[in-house]
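This briefing sets out how the chains of the model meet, how one chain is built, and where one residue sits. Please read it beside the sequence and the structure.

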Amino acid sequence: MKRLFVKGNEAVAMGALEAGCRYYFGYPITPQSDIPEYISREMPKLGGTFIQAESEIASINMLLGASACGVRAMTSSSSPGISLKQEGISYMAGSELPGLIVNICRSGPGLGGIDASQADYFQSVKGGGHGGYHIIVLAPHTVQEMYDLTMLAFDLADRYRMPAMLLGDAVVGQIKEALVPHPYQQPSDLPTKEWAVSGKQGRSDQRIVKSLFLGDGELEAHNWRLHAKYKQLQDNEVRCETEHVDDADLVVTAFGSAARIVKTAARMAREEGLKVGVIRPITLFPFPIATYQQAAQTVKKMLCVELNAGQMVEDVRLAVNGKVDVAFYGRPPGAGSLPTPEEILVQIKKHCG
Amino acid sequence: MPSNRIEIDPIYCKGCALCTIACPQKLIEMSDALNEQGYIPAVISSGNLARCTACALCARMCPDAAIRVFKSVETDGGQS
Amino acid sequence: MTTVLKNVFDRPVSLKDVSTHFCPGCQHGTAHRLCAEAMDSLGVQQRAIGVASVGCSVFLYGYFDIDVVEAPHGRAPAVATGVKRVRKDDFVFTYQGDGDLAAIGTSEIIHAANRGEAISVIFVNNTTYGMTGGQMAPTTLPQQQTSTSPTGRNVASDGYPIRMAELLSGLEGVSYSCRVAVNNPKNIMAAGKAIEKAFRCQVEQGGFGFVEVLTTCPTNWGMNPLKANNRVAEEMIPYFPLGVFKDIAPMGQEV
Ligand SMILES: Cc1ncc(C[n+]2csc(CCOP(=O)(O)OP(=O)(O)O)c2C)c(N)n1
Ligand code: SF4
Ligand code: SF4
Ligand code: SF4
C-alpha cells in the first residue's frame with residue numbers, strides 16, 4: 001500500500017468510509033470541520049448519506065435513529081458540540097446502540113478557545129451525560145492511529161452494542177503525517193444485529209429500541225447488564241502502548257497528543273542515561289488499570305502529563321492505589337502553546353532525582 | 001330477522017361516556033355498576049339494540065376502541 | 001335469503017389488543033386508533049417504524065404492533081430522519097405531544113420539515129403537558145390555568161400559543177400540513193382521512209406530512225371527559241382553526 005500524506009481529521013474520515021460507515025450526521029465546529037468536509041465530498045460517491053444537521057443535538061439523534069436500523073453511522077464535533085450531544089449519547093448508551101462519536105477536543109470551559117486541549121477527559125470516560133453509564137473511548141496519537149482506531153471503534157461499538165468515542169484534539173486532528181491506508185477487515189465473529197428495527201416484515205415479535213424500563217426490577221437488571229459489559233471491556237479490550245517500563249525508575253504517562261511530546265522527552269532522557277519508561281493508554285475506557293498496577297510493582301515514581309490541569313492522573317492514582325507516588329504536569333486549557341519535550345525533560349529529571 | 005349489534009368490550013371500556021353523545025339515536029347508557037377495571041362502563045339494552053343502525057359512530061368516537069359493530073345484512077345464502 | 005351479522009367496525013390490526021394506560025376519555029387513544037387504521041388501510045404495518053416521543057404517548061410500542069424507536073424528549077423528528085435515511089422503503093412516523101414538539105423539540109421539527117424528510121408527523125395538541133402533571137405548554141390558551149400558570153396564561157409574559165400547523169405550512173419542505181379534531185364522529189372521520197393522507201403522502205410521494213390533532217386531557221384540565229370534549233369546540237377550535245394549510249401533494253381526496 002502506498003503512503004499518503006494526510007491530516008489526522010481526514011484519516012478519521014477515510015477510516016470511517018473504509019470501515020463501511022455510510023451515514024454521517026454533524027454540525028460544523030473548529031477544529032474538526034475537515035471531517036464533515038471530507039465526508040460530504042466522498043460519502044455520497046459511495047452511496048452514503050451525509051447530513052449537515054441543524055445542531056449537534058439533532059445530529060446525535062439522527063445517529064441514534066440510523067444506528068437503531070443496524071447500520072454503521074457516525075457524528076463528529078468538538079467540545080461545545082460534544083456537550084450538546086451528551087443527552088443523545090446517554091440515550092444511545094441506555095438503548096444499547098453502537099455508533100461512533102468523534103471529539104476533536106478544544107479548550108474550554110464555555111466557548112473557550114480552539115487550541116489543543118485534553119480537558120474533555122472526564123466528560124468522555126466518566127459518562128458525560130446523565131444516568132451512570134460508560135462508552136468506549138479511544139485516544140489516537142498519530143494520523144495512522146486516527147485511521148486505525150476509527151475502524152476499531154466501529155468494531156468495538158458493534159461487538160458491545162454501545163457508543164464509542166474517538167477522543168483527539170487539534171494536534172492530532174490538524175497535523176499532516178504519513179498514513180498507510182489498508183483494507184478494512186471485519187472481524188468474523190461480530191454479532192449480527194438482530195435487534196435492529198426494520199419494519200416487522202412478517203416477524204411475530206416487535207423490535208423496540210428504547211431506554212425506558214418501568215417494569216418491576218427491569219431497569220436495575222438492564223443497568224447490571226450494561227455494567228457487566230463494562231467489566232467485559234476491562235477484561236478483553238484494553239489497549240495500551242508501553243516503552244521501557246521493565247527497567248524504569250520513572251514511568252511517564254500520557255494519552256493522545258500529549259503522549260507524542262512525552263515519548264520524545266522520554267527518549268531524550270534515555271539518551272542521558274535516565275531510566276524512564278512510558279505508558280500510553282490507547283483505550284481510555286476501558287482504562288489500562290492492570291498495566292499501571294504491574295508497573296507500580298517495579299518503578300519508583302510515575303509522572304502523568306496532560307493538556308489540562310489534571311484529569312487522567314486521578315485514574316492513574318486510583319489504579320496504583322498508593323503503591324507509588326504519581327506526580328502531575330500540565331496546564332489548564334487555553335495556554336496557547338504546547339509543552340515542549342525539553343520542558344517535559346526538566347520534569348522528568350526533577351522526578352528521577 | 002336479527003338486529004344490528006354493537007359489543008362494548010368491558011376490557012377496554014373506561015366509562016368516559018363519549019359514545020353516549022356520539023350515538024344519533026341515543027341508544028347507549030352508562031351502567032350502574034362498576035366493571036372489573038373499576039370503571040362505570042357503557043351499556044346498551046337489548047331493547048335499544050333493536051333500534052341500532054350499525055352506523056358505528058359510537059365506535060369511532062370511543063377513545064379506547066372498545067366497541068365492535070355488526071350490521072345485519074342479507075345474503076343469497078350458501079356462502080358465508 | 002339469509003341474514004348474517006357482518007363486522008363493520010373493529011379494532012385495527014396495527015393496534016395491539018391491550019388496554020392503554022391513557023386516562024378515561026383521553027383522546028390520545030383516538031389518535032392512536034386513527035394512525036393504526038391508516039396503516040392498515042395503506043397496508044404498511046409490516047414495514048412501519050414508529051418513533052415515540054416523551055410524554056403520555058411514550059408507550060407507542062405498547063400499543064402499536066410495529067417496530068419502534070424511542071427518541072429523547074423533542075428529538076423524534078431527528079431520530080426519524082436517521083431512521084428514514086437508512087430505511088428508505090419503510091414507513092416512518094413520529095407521534096409527539098405539544099410540549100415535546102412545540103417547546104423542547106421546536107428546532108428538530110422545523111428542520112426535519114424544512115428538509116422535507118419523507119416522514120409523517122402526528123402532533124397531539126392538548127394545550128398542556130399531560131405526563132408531567134398539567135403544566136403550561138406552548139399551546140396553552142390565553143388565560144388558561146395550568147399548574148405553572150395558576151392565574152392563567154399571561155400572554156404579556158408567557159407569549160402566545162403556537163399554531164404549529166400554520167407555522168410549518170410556510171416551509172418549502174412541507175407537502176401536507178393540517179389541523180384536525182376528534183371531538184365528534186364527523187371530525188374524527190375527517191381526522192382519519194387527514195392522517196391517511198399524510199401517510200400516503202410519504203408512502204407514494206416521499207413527502208413530509210404533518211397532522212395536528214386537537215385532543216383532550218380531561219385529567220389535567222380538571223374536567224370530566226364530556227366537559228373536556230366540549231372544551232375542544234368551545235375554546236380550542238376558535239384559536240386553533242381546523243383546516244388544511246398546505247397540500248401540494250397531488251393525490252387523494254381533499255380533506
Ligand atoms: C429533557 C427532558 N425534559 C423534561 C422532561 C419531562 N417531561 C416528560 S414528558 C414532558 C412533556 C409532555 O407533554 P407533551 O409533550 O405535551 O405530551 P403529553 O404528555 O401531553 O401527551 C416533559 C416536560 C423529560 N423527560 N426530558
Ligand atoms: S352503531 Fe350507531 S346506532 Fe348503533 S349504538 Fe352505535 S352509534 Fe348508536
Ligand atoms: S366511549 Fe368507549 S370507553 Fe368511553 S364509555 Fe363508551 S365504550 Fe366506554
Ligand atoms: S394525563 Fe392527559 S394526556 Fe396524559 S393520559 Fe391522562 S388525559 Fe391523556
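In this predicted model, 2 pairs of chains touch, and the pair formed by chains A and C has the most contacts. Chain A and chain B, by contrast, are joined by no contact. The points below take up the chain pairs, then chain C, then A:Gly81.

**Contacts between chains**

- Between chains A and C lie the most contacts of the 2 touching pairs.
- The closest C-alpha atoms of chain A and chain B are 20 Å apart, and no contact links these two chains.
- Chain B and chain C each bring 35 residues to their contact.
- On the chain B side, the residues that lose the most area to chain C are B:Tyr12, B:Lys14 and B:Arg60, which together account for 22% of what that side buries.
- The area buried between chain B and chain C comes to about 2,900 Å², with 63% of it on carbon and sulfur atoms.

**Fold and dimensions of chain C**

- Chain C contains 10 helices and 8 strands.
- Its C-alpha atoms occupy a box of roughly 60 × 50 × 30 Å along the principal axes.
- The radius of gyration of chain C is 17 Å, which agrees with the value near 18 Å that a compact globule of 255 residues would have.
- Among the contacts in chain C with a separation of 6 or more, 69% are made by residues 24 or more positions apart.

- Of the 255 residues in chain C, 60% are buried.
- Chain C exposes about 8,600 Å², and 53% of this area is supplied by carbon and sulfur atoms.
- The side chains of chain C include 21 positive and 23 negative ones.
- The centres of these positive and negative sets in chain C lie 2 Å apart.

- A:Gly81 belongs to helix α4 of chain A, which spans residues 79-94.
- Is A:Gly81 buried or exposed? A:Gly81 has a relative accessible area of 1% and is therefore buried, the cut-off for burial being under 20%.
- Leaving aside residues up to four places away in sequence, A:Gly81 touches A:Ile29 and A:Glu56.
- A:Glu145 is 64 residues from A:Gly81 in sequence, and their C-alpha atoms are 23 Å apart in space.

Note on methods:
Residues are numbered from 1 along each chain as its sequence is written. Chains are lettered from A and ligands numbered from 1 in the order in which they are written. This is a predicted model: local features need pLDDT of at least 70, side-chain atom pairs count only at pLDDT 80 or more; totals for chains, interfaces and linings use all residues. Side-chain values use heavy atoms; hydrogens and water are left out. Contact means heavy atoms within 4.5 Å. Helices (H or I, at least four residues) and strands (E, at least two) are DSSP runs, numbered from the N terminus. The radius of gyration is taken over C-alpha atoms; the globule rule is 2.2 Å times the number of residues to the power 0.38. Buried means under 20% relative accessible area, exposed over 50%, partly exposed in between (1.4 Å probe, protein chains only). Accessible areas come from the Shrake-Rupley method with a 1.4 Å probe; for residues, only the protein chains shown count as cover. Lys and Arg count as positive and Asp and Glu as negative; His and the chain ends are not counted. The place of a charge is taken as NZ of Lys, CZ of Arg, CG of Asp or CD of Glu. Buried area is the accessible area (1.4 Å probe) that two parts lose on being put together, summed over both.
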